[in-house]
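Visitor: I have a model open and a few things to ask about it. Can we go through them one by one?
Guide: Go ahead.

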Amino acid sequence: MTSVSEAPVADALPDWSGPLTPSGNLRRRAAVNRLVEVAAIAAAAIGVAMLVIVVTSVVSHGAKALSFSFLTTNTVGVLGGGIANDLLGTAVVVGLAAVIAVPIGILTGLYVSEMTGPGSRTAGALKLALDLMQGLPTIVVGLFIYGLIVIAQHKESGFAGAVALSIVMLPLVARSTQEVLLLVPGSLREAADALGVDRWRAIRGVILPAAMGGIVTGSILAIARAAGETAPLLICNSIFNPNVTQLNPFGHGVPTIPMYILGVFNNATGPESLTGAWGAAFVLLAVILLANIGARLMLARSRARMGG
Amino acid sequence: VAGHSRARQPTGIGDRVLFGLCALAALLAGITLVGIAYQIIHNAHPAISRFGLGFLWHTTWAPNFKIFGAGALLYGTAVTSLLALILAAPLGIAIALYLSMIAPPPVRAVVGPLVEMLAAIPSIIIGFWGVIVFAPFIQRHVEPALHNVLGFVPLFGPPETTGLSLFTAGLVLTMMVLPIIASLSRDLFLTVPQDLREGAEALGATRWEVIRGVVLPTTASGVVAATLLGLGRALGEAIAVLLVAGDLVQIHASLFQPGATMASLIGTQFIGPVNTLHVASMFYVAGLLLVIGLATSLLARVIAGRFDVQRALAR
């Protein structure tokens, strides 16, 4: 198996007779070098600036909308009231998606990493399938579930949306599980084998606990990704009563935060009527960014502990 | 890779059960891909048999007259994605070089995650910000300036009133693609062995000469693959583009005119289809998107060769 960290580079050695041969005067070379460094620093500044501009924009507009009642009352009409039912709806749909995707993703990662030998064809094909799945446009995933579930049931539902989101999450969970299992030392497996422990006991008792930090992190990141995903919900879960709390995703459309933002935008009459959408965007962004920061901190800690 | 002991055949009943469960889950992942292709083609069939391959270049999209062609959508997708790549690839590679070669470690530890965080912002929020804040800014300040300087090129025509245009869509996509290219390239640059870099430095190479002579040549295929993965993201983005592109299914010479992409069109019109052929045509468009997306992923994988670029995307 090839991976970034173990890649042999001998076959790609550069042409040493080329740009490394000192030519021209040293001052010119130093000037070119300086120019490139400044350009790289400027690029990094632009990248960070993009994040800062979007986040401050959302925070400054969204803070005006934020209040206790905004978070605890249901939406009234399309533009009025709060976002309590949309928050709960997002929790229900994304929670259901996680219930589907996380176990399947972990089992798939286990299969690739623990149950196939190195260089196995099956594992290679499976990794290819997961990569392709991860590269799918999410709106195409939405149309797939529309054809599979919505047309069959003659009805859009939170369940259909959740299944679509689970397809977005699955490759993320599987990939991160497989990656962290690579970091579990082989000596743990060999020790278990030497003791004559069944493989499933070893996985349950030794390997999974050692990898748990990374698996949880990967799942959190996948959930954060799904929480902001809009295209599949637009296709499979766009028909709902925006003013009620809908906790049953089966056979009912469920109002969600992304669809609330889109609804407010489509029905807005002027800049003032967008306040609710900014508030919802603020809440969504805060949750997603905090989940990301938390997951990264956890990952760093568990990597350090495993010496990865 | 800790090796030989992993391939052991399952023996006990518990082993068999776990093996079966895992194989089932893995099978499900494989079946899903096939299922997606089947569902899309099955539902697109009426449109495929009606319009055939001519669908690809006919530019009229008139649901009320049952005339559908994806030409204008392919054009919009190509223009926005190319614009995003032209801007994001150099910028992303420069950021990656800064993070891997130039920045001191404490700065690295802060700037790296910040750039990656950009990828975590949901498309609905980038799109909403784009249409309310960014598009008016572009329309007032950037488009007139470009028109004044480069107006003799038809691409840079006079600005419209809203700022909702393929140009703005391309810029918004740039923001979404940039963190992907930057973080994947940074990981690649970090794999260049220290010996090679130090060898070049010992020969008297400046940092730029090390980058040009050692770092970029040894990672070139991986960087191209990373850029292709960014392209895949740009091609398939529906929500952000449908908000900022202006939703007009026509081809105009000027980038500052509104337009639509394949994904954005499905996002706007799927909810209120006019007739069944309209729905089938949108599935046909989704099929094209699926083919282009899969081809991009596969090409990235082939080009990347020994680099396993996609692994880093899952983080």
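Visitor: What do the side chains of B:R207 and A:E37 do?
Guide: They form a salt bridge, with an N to O distance of 2.9 Å. Keep in mind that this is a predicted model.

Visitor: How many salt bridges are there between chain A and chain B?
Guide: The count is four. Helix α1 of chain A, residues 26-65, gives the most to the side of chain A that touches chain B, with 19 residues.

Visitor: And how many residue pairs are in polar contact between the two chains?
Guide: Ten, counting pairs with both residues at pLDDT 80 or more.

Visitor: How much area do chain A and chain B bury between them?
Guide: About 9300 Å², and 75% of that is on carbon and sulfur atoms. In residues, 108 of chain A are in contact with 91 of chain B.

Visitor: Now the largest nonpolar core. Which residues touch the most other members?
Guide: A:I139, A:I145, A:I261, B:F55, B:W61 and B:L73, out of 198 residues in that core. Helix α2 of chain B, residues 71-102, gives the most to this core, with 18 residues.

Visitor: What is A:I139 in contact with, leaving aside neighbours within four places in sequence?
Guide: Residues from both chains, including A:A231 and A:I235 as well as B:G236, B:A263 and B:L289.

Visitor: Cysteines next. Is A:C236 buried or exposed?
Guide: A:C236 is buried, because its relative accessibility is 0%. B:C22 is also at 0%, so that residue counts as buried too.

Visitor: How many disulfides over all chains?
Guide: Zero, from a search of the whole structure.

Technical notes. Residues are numbered from 1 along each chain as its sequence is written. Chains are lettered from A and ligands numbered from 1 in the order in which they are written. This is a predicted model: local features need pLDDT of at least 70, side-chain atom pairs count only at pLDDT 80 or more; totals for chains, interfaces and linings use all residues. Side-chain values use heavy atoms; hydrogens and water are left out. A disulfide is a pair of cysteine sulfur atoms within 2.5 Å. Buried means under 20% relative accessible area, exposed over 50%, partly exposed in between (1.4 Å probe, protein chains only). A nonpolar core is a set of buried Ala, Val, Leu, Ile, Met, Phe, Trp, Tyr and Cys residues joined through side-chain atoms within 4.5 Å. Helices (H or I, at least four residues) and strands (E, at least two) are DSSP runs, numbered from the N terminus. Contact means heavy atoms within 4.5 Å. Buried area is the accessible area (1.4 Å probe) that two parts lose on being put together, summed over both. A polar contact is a pair of N or O atoms within 3.5 Å; within protein, one must be able to donate a hydrogen and the other to accept it, and residues adjacent in sequence count only if both atoms are side-chain atoms.
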